[in-house]
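Student: Could you walk me through reading a few backbone and packing features here?
Tutor: Gladly, let's take them one at a time.

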Amino acid sequence: MTKLGFQLYSARNFPPLADTLTALSKAGYAEVEGYGALYARMDESQLKAMKADLDANGLTMPTGHFGLDLLEKEPEQALLIAKTLGMEAIYCPHLVADLRPTDAAGWRAFGRRLSEAGKRYKDDGYTFGWHNHDFEFKTLKDGTTAQEQILEGGPDLAWEADIAWVIRGGANPMTWIDRYGNRISAVHVKDIAPAVHNTDEDGWADVGYGTVDWKGLMAALREKTQTKHYVVEHDNPNDLERLISRSIAAFKTY
């Protein structure tokens, strides 16, 4: 079976982290993915303690999310986090609304900015790339999308494809897999609830309990990409144990 990871952001409202790691290990997950607020301000001793907790549960953290400010302004801290926790890949996960460009040229410039920020990390042997949300797939005035422009502006950027956000952005994920499969190095495995369902969870669903065709998508991803890491995520679950157990059980069937 393909190894399955879990984005720890999904568990942010269910402390303590130690309990989450234990539950993930018992359920059969092999990996976790970190995020900025979890470790951005940790010192080396705190990071080593987190690594020890991962090791004790038989888990690795091969991928992590890092905010653009940290990546650009505190590269030594970002590298300390990545090295201490044993990461292989670093992804910039988001750009807040008031900083987003409004045209193709602006997004292409942003892709160049990401690529420039990533040089330090690529030189140290890390995969470096961008993680999408939905806004990158809205059509710009010239008919292109922000995602196209980001990848064009940063031709060396990897892409951690959040498939459910692609769909929420109004795009067909198969089209993007066909076109940019060679750029996809990791994938967020998340599901979208049927319309008017799970409103208390922002319309997200446990993997296998929504509308996303994960069986078909996994076949395409395995055939057309070099994806190394598949990461379960749910942005606002109301039951963490349910999310953990149901998602891995469904994923095993794909």
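**Backbone and packing**

Tutor: At 45% relative accessibility, Asp202 counts as partly exposed (buried means under 20% relative accessible area, exposed over 50%, partly exposed in between, with a 1.4 Å probe and protein chains only). This is a predicted model, where local features need pLDDT of at least 70, side-chain atom pairs count only at pLDDT 80 or more, and totals for chains, interfaces and linings use all residues. Residues are numbered from 1 along each chain as its sequence is written, and side-chain values use heavy atoms, with hydrogens and water left out.

Student: Where is Asp202, and what is its phi?
Tutor: Asp202 sits in the loop between β8 and β9, and its phi is positive, near 60°, though the residue is not glycine. Helices (H or I, at least four residues) and strands (E, at least two) are DSSP runs, numbered from the N terminus. That loop also holds Asn198, with a positive phi of about 55° and a relative accessible area of 28%.

Student: How do I read the buried side of a helix?
Tutor: An α-helix has 3.6 residues a turn, so residues three or four places apart point the same way. In α1 (residues 17-27), the buried residues are Thr20, Leu21 and Leu24. They fall within an arc of 100° seen down the axis of α1, so they line one face of the helix; the arc is that of the directions from the helix axis to the C-beta atoms.

Student: Which elements do the buried residues of α1 pack against?
Tutor: They pack against β1 (4-7), β2 (31-34), α3 (44-56) and α11 (240-251), where contact means heavy atoms within 4.5 Å.
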